[in-house]
Amino acid sequence: MSFAALPERLAQVRAEIARRQAAAGWTHAVTIVAVTKGFGPEAVIAAREAGLADVGENRVQEALDKQNVAAPGIRWHLIGHLQRNKAKLVPGRFALVHSVDSLALAEELNRRASAPLRVLLQVNAAREPQKSGCSLDEAPGLARQIAALGQLQLDGLMTMAPFTDDEDVQRRTFRSLRALRDTIKEEGLWLPTLSMGMSADYATAVAEGATVIRLGTVLFGPRQKETTP
């Protein structure tokens, strides 16, 4: 599969990020995580050649398979739901785990890690029953518990908006995560990373203060069996 259009698509994404940040008054850097789920290792190589060093995978095993053959210098992100029985495979293989959604999972990662492991707390800010993540109400207490674990470095929060074209719905979801981050900061815990926004809604997420966006199809084109991000 050819990824010849990737540099042009990436330039368009970066231009949209700049436009949305300027309109909202944000000046912080936004990390683009290239989501290669459903694509082969050649997508990782294409991302690296285009200047993207951050690559995300939804499933641990798919990531491990690609890590064995992909380009060096990649910072691997685990962005999908993580089962506790797969936690032993994570330390030492991922720069950031976006999907810690319970104290039990955090404790298992902490037990398995032999060096500090950066993680994000996944929050179901959309309040959708089918989505993973803790509730907005549970998040402050859970964040404090995770931050107290010796081998985990809690860097921030992650969420997913509903699958809708309604920008107001997207905006409310992302804004609620930012407001949660600000509330937790007032309680004494600073979580700088806001991982929010995928191919269909990244522009809205950037406008609401995202520091990390997770992009698949907008960079690589449609997968044979289309899924999001």
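## Aromatic cluster

Phe3, Phe39 and Phe220 are joined into a cluster by ring pairs. The model is predicted. A pair of aromatic rings is described by the distance of the centres and the angle of the planes. With centres required to lie within 6.5 Å, the count comes to 3 aromatic pairs. In one of them, the ring centres of Phe3 and Phe39 are 5.7 Å apart and the planes stand at 85°, so this pair is edge-to-face. It links distant parts of the chain. Phe3 sits in the segment before helix 1 (6-24). Phe39 sits in the loop between strand 1 (31-35) and helix 2 (41-49). The two are 36 residues apart. Both Phe3 and Phe39 are buried.

The rings of Phe39 and Phe220 have centres 5.4 Å apart and planes at 50°, so this pair is tilted. Here too, distant parts of the chain are linked: Phe39 is in the loop between strand 1 and helix 2, while Phe220 is in helix 8 (residues 217-220). The separation is 181 residues. Phe39 has a relative accessible area of 6% and is therefore buried. Phe220 is buried as well, because its relative accessible area is 2%.

## Charges over rings

Two lysines sit over aromatic rings. Lys131 lies over the face of Phe163, at 4.8 Å from the ring centre. The charged end of Lys185 is placed over the ring of Trp190, 4.6 Å from its centre.

Which residues of helix 2 are buried? They are Ala43, Val44, Ala46 and Ala47. They cover an arc of only 165° around the axis, so they lie on the same side of helix 2. Their cover includes helix 1, strand 1, strand 2, helix 3, strand 3 and helix 8. Just after helix 2 comes Gly51, with a positive phi of about 100°.

In helix 3 (residues 60-67), the buried residues are Val60, Ala63, Leu64, Lys66 and Gln67. Viewed down the axis of helix 3, these residues fall within an arc of 165°, so they line one face of the helix. Against what do they pack? Their partners are helix 2, strand 2 (54-57) and strand 3 (75-78).

Strand 4 (residues 96-100) is mostly covered, with 5 of its 5 residues buried. Strand 3 and strand 4 run parallel and are joined by 2 bridges. Leu78 has Val97 of strand 4 as its bridge partner. Strand 4 also pairs with strand 5 (residues 117-122), in the parallel sense and over 2 bridges. There, Val100 stands opposite Leu121 of strand 5.

His77 belongs to strand 3. Is His77 buried or exposed? Its relative accessibility is 4%, so His77 counts as buried. Leaving out residues up to four places away in sequence, His77 touches Val33, Asp54, Val55, Gly56, Glu57, Phe94, Leu96 and His98.

Leu120 lies in strand 5. Leu120 is buried, because its relative accessible area is 0%, and the cut-off for burial is under 20%. Leu120 and Ala106 are 14 residues apart in sequence. In space they are 10 Å apart, C-alpha to C-alpha.

## A positive phi in a loop

Most residues other than glycine have a negative phi. Arg127 has a positive phi, near 60°, and is a residue other than glycine. Where is Arg127 found? Arg127 is in the loop between strand 5 and helix 5 (139-147). Its relative accessible area is 60%, so Arg127 is exposed.

Definitions and conventions
Residues are numbered from 1 along each chain as its sequence is written. This is a predicted model: local features need pLDDT of at least 70, side-chain atom pairs count only at pLDDT 80 or more; totals for chains, interfaces and linings use all residues. Side-chain values use heavy atoms; hydrogens and water are left out. Rings of Phe, Tyr and Trp (its six-membered ring) pair if their centres lie within 6.5 Å; planes under 30 degrees apart count as stacked, over 60 as edge-to-face and the rest as tilted. Helices (H or I, at least four residues) and strands (E, at least two) are DSSP runs, numbered from the N terminus. Buried means under 20% relative accessible area, exposed over 50%, partly exposed in between (1.4 Å probe, protein chains only). A charge sits over a ring if NZ of Lys or CZ of Arg is within 6 Å of the ring centre and within 35 degrees of the ring normal. The arc is that of the directions from the helix axis to the C-beta atoms. Contact means heavy atoms within 4.5 Å. Two strands pair if DSSP finds at least two bridges between them.
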